[in-house]
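Reader: I am new to this structure and would like to learn how to read it. Please take me through a few features in turn.

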Amino acid sequence: MNPKKAARATALTIAGSDAGGGAGIQADLKTFHAFGVFGTSAVTAVTAQNTVGVQAVRALDPPIVRRQIESVQTDLSPAAAKTGMLANEDIVRAVVAGLRGFEAPLVVDPVMVATSGDPLLDPAAVAAILEELLPLATLVTPNLPEAEILAGQPVRTEADMSPAASAILARGAGAVLVKGGHLGGAEVVDLFADGNGERVWRTPRIRTTETHGTGCTLSAAITAGLASGLALEPAIERGLAFTHAAIAAAPGLGSGRGPLNHWADPGIT
């Protein structure tokens, strides 16, 4: 048998590098591997960071970001892709250019707001995401502060999540998963909408600070499911279950907000 005929599904992550290994490219590749998906990457920025915080960031030149995407596309044919930290307006536009002609599912994790609440993108970069990247997205996965930015309206309660999702869909995204981790309460509430209906997942909240890279891990798990041929809702459901398991089994590394356990059982059946 030709070994290439038995190759596993391939996925592409377009994101920043996390020196501490808990988020970004590193978390995405670990998650792809957990699901048996071959991971490829296009690095947008290099960060000096750990569980305590981010000490330095250096964005890459936009042309090399675009070339990475094109190199992977033309040879390895990823069956799905995701975006994470895009750093600035020029990189957003380079990513959009690199994805031109990409017909596989695209998951956009709109990394716009730090855990501290500080903005990570300037207004021009946010505008480029809204105008150019969002319409390419099969699914966009904002947390509540990011959903506020994308929807242009407050998202502070569970009741706010549905109208925000509708507003984001109106901006061109194929579907949206509004993540409710910031709501507090005994359960984490996540709302999915695709223009045909809505679905809510309620997961028991784990009281922990070991949550560094949660958004990256979830979006990567969904991307891996899509690359493996799952439909959108089953991919989300499996991604949520994996992320919950990875938080529950966190290895307790570092002295700050620790990483997840990407060796957790992904629940593949």
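Reader: What volume does the largest cavity have?

Author: This is a predicted model. The largest cavity in it has a volume of about 30 Å³. A search of the whole structure turns up 1 cavity of 30 Å³ or more.

Reader: Which residues line the largest cavity?

Author: The lining consists of T83, G84, L86, V108, D109, P110, V111, L121, I129 and L133. By class, 7 of the lining residues are nonpolar, 2 polar and 1 charged.

Reader: How are two packed helices described?

Author: They are described by the angle between their axes and the distance between the axes. Take helix α3 (residues 89–98) and helix α4 (residues 123–133): their axes come within 8 Å and cross at roughly 20 degrees. Angles under 35 degrees count as roughly parallel, so α3 is roughly parallel to α4. The crossing of α3 past α4 is right-handed.

Reader: Which residues of α3 and α4 meet?

Author: From α3 come E89, V92, R93 and V96, and they meet A124, A125, A128, I129, E132 and L133 of α4. This contact has 7 nonpolar, no polar and 3 charged residues. I129 and L133 also belong to the lining of the largest cavity.

Reader: At what angle do the axes of α2 and α3 cross?

Author: Helix α2 (residues 62–76) and α3 have axes that cross at roughly 25 degrees and come within 8 Å. The two helices are therefore roughly parallel to each other, and their crossing is right-handed. In α2, P62, V65, R66, I69, E70 and Q73 meet D90, I91, A94, V95, A97 and G98 in α3. The residues of this contact divide into 7 nonpolar, 2 polar and 3 charged.

How values were computed: Residues are numbered from 1 along each chain as its sequence is written. This is a predicted model: local features need pLDDT of at least 70, side-chain atom pairs count only at pLDDT 80 or more; totals for chains, interfaces and linings use all residues. Side-chain values use heavy atoms; hydrogens and water are left out. Axes are lines fitted to C-alpha atoms, for helices over the stretch in contact, and angles run from 0 to 180 degrees between N-to-C directions. Helices (H or I, at least four residues) and strands (E, at least two) are DSSP runs, numbered from the N terminus. Angles under 35 degrees count as roughly parallel, over 145 as roughly antiparallel, 65 to 115 as roughly perpendicular and the rest as oblique. A crossing is left-handed if the near helix is turned anticlockwise from the far one by less than a right angle, and right-handed if clockwise. Contact means heavy atoms within 4.5 Å. Ala, Val, Leu, Ile, Met, Phe, Trp, Tyr, Cys and Pro count as nonpolar, Asp, Glu, Lys and Arg as charged, and the others, Gly among them, as polar. On a 1 Å grid over the protein atoms alone, a cavity is a set of points where a 1.4 Å probe fits but cannot get out, and a pocket is an open set with protein on both sides within 12 Å along at least five of seven lines; lining residues have an atom within 4 Å of a point. Grid points are joined across faces, edges and corners, and a volume is the space filled by probe spheres set on the points.
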